[in-house]
Amino acid sequence: MERGDVEEAMAWHEKATSGDGWRWLAAEHRAAYLVDVARAYLYADDPVSAGRVLMEADRIAPAEIRHRPAGRDVLAQIARDPAAPTTLTHLAVTLKVG
């Protein structure tokens, strides 16, 4: 992924999540989308933003992070980073992932 692609994708993400349509989506769909965005931030080597987005997903629909394999996988990847938010590190330890 090129740097311009990342910037364009993040601009699209900001636009997609700021409209009224975002709030009309089911909580599980919003959280699953945010798990994918967190993975994209990891791919772009931005674990801090990945952690921020994953914390938002956990707030919206905790089961997407705590029970689904994709959410647990991203949580484990973020928790291994030294810059990971402590909240996510504690969650990863509690869930025994990573």
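Tutor: Let's start with burial: a residue is buried under 20% relative accessible area, exposed over 50% and partly exposed in between (1.4 Å probe, protein chains only). The model is predicted, so local features need pLDDT of at least 70 and side-chain atom pairs count only at pLDDT 80 or more, while totals for chains, interfaces and linings use all residues. Residues are numbered from 1 along each chain as its sequence is written, and side-chain values use heavy atoms, with hydrogens and water left out.

Student: What makes Arg 59 exposed?

Tutor: Its relative accessibility is 59%, and the cut-off for exposed is over 50%, so Arg 59 counts as exposed.

Student: How do you know that Arg 59 forms a salt bridge, and with which residue?

Tutor: The rule asks for a side-chain nitrogen of Lys or Arg within 4 Å of a carboxyl oxygen of Asp or Glu. For Arg 59 and Glu 56 the closest N and O atoms are 2.7 Å apart, so the pair meets the rule. The two residues are three apart in helix H4, which means a separation of about one helical turn. Helices here are DSSP runs (H or I, at least four residues; strands are E, at least two), numbered from the N terminus.

Student: How many salt bridges does the rule give?

Tutor: Four. Side chains of opposite charge can pair when their charged atoms come close. Another of the bridges joins Asp 73 to Arg 39, with the closest N and O atoms 3.1 Å apart. Asp 73 sits in helix H6 (residues 69-79) and Arg 39 in helix H3, 34 residues apart, so this bridge links distant parts of the chain. Asp 73 is partly exposed at 35%, and Arg 39 is partly exposed at 32%.

Student: What makes Arg 66 and Asp 58 a salt bridge, and is each partner buried or partly exposed?

Tutor: Their side chains meet at 2.9 Å, N to O, and that is within the limit, so the pair qualifies. Asp 58 has a relative accessible area of 14% and is therefore buried. Arg 66, with 30%, is partly exposed.

Student: Why is H3 called roughly antiparallel to H4?

Tutor: Helix H3 (residues 27-43) and helix H4 (residues 47-60) pack at an angle of about 170°, with their axes 8 Å apart. Angles under 35 degrees count as roughly parallel, over 145 as roughly antiparallel, 65 to 115 as roughly perpendicular and the rest as oblique, so this angle makes H3 roughly antiparallel to H4. The axes are fitted to C-alpha atoms over the stretch in contact, and angles run from 0 to 180 degrees between N-to-C directions.

Student: Which residues make the contact between H3 and H4?

Tutor: Contact means heavy atoms within 4.5 Å. Among the residues that meet are Leu 34, Val 35 and Tyr 41 of H3, and Val 53, Leu 54 and Ile 60 of H4. By class, there are 14 nonpolar, one polar and three charged residues in this contact. Here nonpolar covers Ala, Val, Leu, Ile, Met, Phe, Trp, Tyr, Cys and Pro, charged covers Asp, Glu, Lys and Arg, and polar covers the others, Gly among them.

Student: What makes Ser 49 buried, and what does its side chain join?

Tutor: Ser 49 lies in helix H4, and its relative accessible area is 13%, so it counts as buried. A polar contact of 2.8 Å joins its side chain to that of Asp 46. Such a contact is a pair of N or O atoms within 3.5 Å; within protein, one must be able to donate a hydrogen and the other to accept it, and residues adjacent in sequence count only if both atoms are side-chain atoms. Asp 46 is found in the loop between H3 and H4 and is partly exposed at 27%.

Student: How do you know whether Glu 64 is buried or exposed?

Tutor: Its relative accessibility is 8%, so Glu 64 counts as buried. Glu 64 lies in helix H5 (residues 62-66), and its side chain makes a polar contact of 2.9 Å with the side chain of Arg 68. Leaving aside residues up to four places away in sequence, Glu 64 touches Glu 28, Ala 31, Ala 32 and Gly 71.
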